[in-house]
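Dear colleague,

Please find below the structure that I am handing over to you. My findings follow it, and I would ask you to read them with the model open.

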Amino acid sequence: MVSASVDLRSDTVTKPTPAMRQAMAEAVVGDDVYAEDPTVNALEAEVAALFGHEAALFVPSGTMGNQISLRLLAEPGQEILCDSDAHIVTYEMGAAAALFGLGTRTILGDRGRFDLDAYVPQVRPPDWHTVRTAVIAVENTHNRGGGSVQPIDQLKALRAYADDAELSLHCDGARIWNAHVATGTSLAEYGGLFDTLSVCLSKGLGAPVGSLVVSSRERIGKARILRKRLGGGMRQAGVLAAAGRHALAHHIDRLAEDHARAKTLATACGADEPETNIVVLKLDGNAHAVADAARDAGILISVVSPSRIRLVTHLDITDEQVDRAAAVLPKLLAEEERT
Ligand SMILES: *Cc1c(COP(=O)(O)O)cnc(C)c1O
């Protein structure tokens with residue numbers, strides 16, 4: 001029997017489990033544009049409560065969640081400060097500028113880690129001449145930073161600074177669940193540090209679709225309008241929300257298994273120990289050549305730059321698959337380094 005590929009490209013490749021599909025099939029639904037889908041309403045209330053906020057809004061993607069959040073916190077012509085490798089400036093197709101007239105200014109970080117000392121000098125105080133820095137956005141965990149977790153003391157210092165400087169804070173929390181499981185910091189504690197959060201159900205949690213914006217009741221009211229404007233109003237979305245509710249109930253704690261498997265892969269490949277479920281390997285050789293050779297050997301990996309590859313563990317990766325990848329990848333890496 002030819003075994004299927006081991007897909008380590010991303011934690012977005014997961015398929016709904018049989019139990020999740022069952023929950024989807026049984027979902028009670030209504031028209032969510034009328035706010036009449038009981039399953040969506042329940043999901044929104046549940047996620048708002050988890051993060052200690054008043055309200056939440058179900059949106060089709062993390063990109064839409066981030067962009068709605070940024071627009072809630074900034075006016076056209078104002079700017080957002082964030083890491084130079086942040087998802088919002090790398091993978092969202094320039095949406096802040098293209099859709100909302102928001103500028104972004106970026107700061108080089110170590111694996112995307114937030115460092116208040118690097119940010120403060122870049123904040124432009126409100127005056128007549130200069131662009132207003134309205135928002136600082138922090139990604140936790142940091143995708144291109146290799147799943148790095150933002151240090152909680154830095155986030156707390158940022159909150160105190162932002163209150164003082166009258167700035168708003170957004171968290172791109174696509175993988176905040178991984179940060180929570182890796183550190184034990186509660187979701188409510190993370191939630192309390194930000195004005196808006198965007199959190200994804202379709203990454204490590206394994207739901208097929210969906211993210212939420214989390215914030216105050218007033219802001220979420222405005223977010224509903226922005227979502228409709230962007231074409232993100234969905235009708236019987238409870239089918240999707242049911243998958244998300246199932247994921248929240250069953251797939252958060254198990255992220256620890258993904259983290260352990262990522263460590264095994266990193267150790268086998270001689271990489272630094274990952275903090276969560278993402279291993280980024282810096283190569284001397286050509287990343288595309290390694291990825292091509294890995295694919296031929298039945299292991300799918302991502303190329304994130306000409307000299308970096310990425311391995312991501314997730315719900316559909318088993319110990320047996322990790323062992324297969326750990327047996328194959330080190331050889332390919334060594335061969336590529338010799339050429
Ligand atoms: C995946 C991801 C998102 C959202 O992506 P969508 O594909 O739009 O759902 C946002 N931020 C980070 C850090 C991500 O990894």
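In this predicted model, the side chain of N143 places an N or O atom 3.0 Å from an oxygen atom of the ligand. A polar atom in the side chain of R175 is 2.8 Å from an oxygen atom of the ligand, and one in the side chain of D172 is 2.6 Å from a ligand nitrogen atom. On its own, the ligand has 380 Å² of accessible area, and the protein covers 84% of it.

The residues around the ligand are S61, G62, T63, N66, H87, E92, E139, N143, D172, A174, R175 and K203. Which helix gives the largest share of this shell? It is helix α3 (residues 62-73), which contributes three residues.

I turn next to the aromatic rings. Such a pair is described by the distance between the ring centres and the angle between the ring planes. The structure contains two aromatic pairs. In one of them, the ring centres of F51 and W177 are 5.6 Å apart and the planes stand at 65 degrees; because an angle over 60 degrees counts as edge-to-face, this pair is edge-to-face. F51 sits in the loop between α2 (38-50) and β2 (55-59), whereas W177 belongs to helix α8 (residues 176-183), so the pair ties together parts that are 126 residues apart in sequence. Are these two residues buried or exposed? F51 is buried, with a relative accessible area of 0%, and W177 is buried as well, with a value of 1%.

The other pair consists of F114 and Y119, with 4.4 Å from centre to centre and 50 degrees between the planes, and it is tilted. Both F114 and Y119 are buried.

Finally, I describe the nonpolar cores. The largest nonpolar core has 47 residues, and those touching the most other members are F51, F58, I136, I176, W177, V199 and L201. Beyond its neighbours within four places in sequence, L201 is in contact with L43, F58, W177, G206, A207, G210, S211, L212, G244 and L248. There is also a second, separate core of 24 residues, which includes L283, I301, I309 and I317.

Yours sincerely

Terms used. Residues are numbered from 1 along each chain as its sequence is written. This is a predicted model: local features need pLDDT of at least 70, side-chain atom pairs count only at pLDDT 80 or more; totals for chains, interfaces and linings use all residues. Side-chain values use heavy atoms; hydrogens and water are left out. Rings of Phe, Tyr and Trp (its six-membered ring) pair if their centres lie within 6.5 Å; planes under 30 degrees apart count as stacked, over 60 as edge-to-face and the rest as tilted. Helices (H or I, at least four residues) and strands (E, at least two) are DSSP runs, numbered from the N terminus. Buried means under 20% relative accessible area, exposed over 50%, partly exposed in between (1.4 Å probe, protein chains only). A nonpolar core is a set of buried Ala, Val, Leu, Ile, Met, Phe, Trp, Tyr and Cys residues joined through side-chain atoms within 4.5 Å. Contact means heavy atoms within 4.5 Å. A residue is near a molecule or strand if one of its heavy atoms lies within 4 Å of it. A polar contact is a pair of N or O atoms within 3.5 Å; within protein, one must be able to donate a hydrogen and the other to accept it, and residues adjacent in sequence count only if both atoms are side-chain atoms. Accessible areas come from the Shrake-Rupley method with a 1.4 Å probe; for residues, only the protein chains shown count as cover.
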